[in-house]
Amino acid sequence: IGNREQGNSRQERDVAYLLKVIGTAWLLEPDDAMLERLALLPGLEDVCAAMTPEAAALEYSQVILQLVPPYASLLLDEEAMLNSAQAERVEAEYRLAGFSILPEWRAGPADHLGVELQFLGHLLAVDEDRAARFLNEYLLPWAPVCLLAISRIERATLYPALADVTLQVLTAIAPDDS
C-alpha cells in the first residue's frame, strides 16, 4: 500500500479484489467456484487442481476450526479468548467505515483473518491511507504469526498454500515504514 504511487486506481482495485477473494477463502468452505478462483493465484494452481470441494471442506474444518483458528484475539490478548477487546476494537473500525460482516461468512468474532482481509480490501478501494493504517495496526501485528503456523501444518495442503499466498500479499502491500 505504502510503496505504490497514489492514483494507480486499477492496481488498487486489483489488490482490493485479490484481498476479498483470499478473505472469502478464509471465511467459507471452498466449493468448485472458489477452488477455480484460487487456482488462478500463483502458488495455488496445483493444490487447487488436486483438491475436491469435499476434501477442501474437511481441511477447512481441521485447520480453521480446530488447529489454528485465525483470530487476532487468540494471539494478541493476554487471555487468548475470543470476543475480547481486540474483537471489539476491530468491530468499531468496521462500524466507522460502514462495513458489515455478511451473515454467510463463518467468522464468529469480528477479528477473524478473513473478515479483516475483506475489510482491508474494502478500505483499499475507498481510502488508501486508512487501509495502510489498518494493515499496520490490525493485521500485521498478528496475521504473519498465524499464517506461518498454518503454513507448517503438514497434514493439509490447501490452507498451508493459501497461508503462504496470503502472507506474500500482505508483505507486498505493507507500508514501507512497517
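Arginine 133 and glutamate 137 sit four residues apart in helix 8, about one turn of the helix. Helices here are DSSP runs (H or I, at least four residues), numbered from the N terminus. The model is predicted: local features need pLDDT of at least 70, side-chain atom pairs count only at pLDDT 80 or more, and totals for chains, interfaces and linings use all residues. Residues are numbered from 1 along each chain as its sequence is written, and side-chain values use heavy atoms, with hydrogens and water left out.

**Exercise 1.** Work out which residues are linked in a network of salt bridges.

*Solution.* 
- Search the whole structure: three salt bridges turn up.
- Take glutamate 93 and arginine 130: their closest N and O atoms are 3.8 Å apart. This pair links distant parts of the chain, helix 6 and helix 8, 37 residues apart.
- Take glutamate 93 and arginine 133: the closest N and O atoms are 2.8 Å apart. Here too helix 6 is linked to helix 8, across 40 residues.
- Take arginine 133 and glutamate 137: the N to O distance is 3.0 Å.
- Join them: Glu93, Arg130, Arg133 and Glu137 form the network.

**Exercise 2.** Classify glutamate 93, arginine 133 and glutamate 137 as buried, partly exposed or exposed.

*Solution.* 
- Glutamate 93 has 9%, so it is buried.
- Arginine 133 has 30%, so it is partly exposed.
- Glutamate 137 has 38%, so it is partly exposed.

**Exercise 3.** Find which helices the buried residues of helix 8 pack against.

*Solution.* 
- Locate helix 8: it spans residues 128-139.
- Pick its buried residues, among them Arg130, Phe134, Leu135 and Tyr138.
- Look for contacts (heavy atoms within 4.5 Å).
- The partners are helix 1 (9-27), helix 6 (85-97), helix 7 (113-126), helix 9 (143-151) and helix 10 (158-173).

**Exercise 4.** Determine how far aspartate 111 lies from the nearest side chain of opposite charge.

*Solution.* 
- Assign charges: Lys and Arg are positive, Asp and Glu negative; His and the chain ends are not counted.
- Read the distance: arginine 89 is 9.0 Å away.
- Conclude: aspartate 111 is buried yet has no salt bridge.

How values were computed. Buried < 20%, exposed > 50% of the residue type's maximum accessible area, 1.4 Å probe, protein only. Helix = DSSP H or I, 4+ residues; strand = E, 2+ residues; numbered from the N terminus. Salt bridge = Lys/Arg side-chain N within 4 Å of Asp/Glu carboxyl O.
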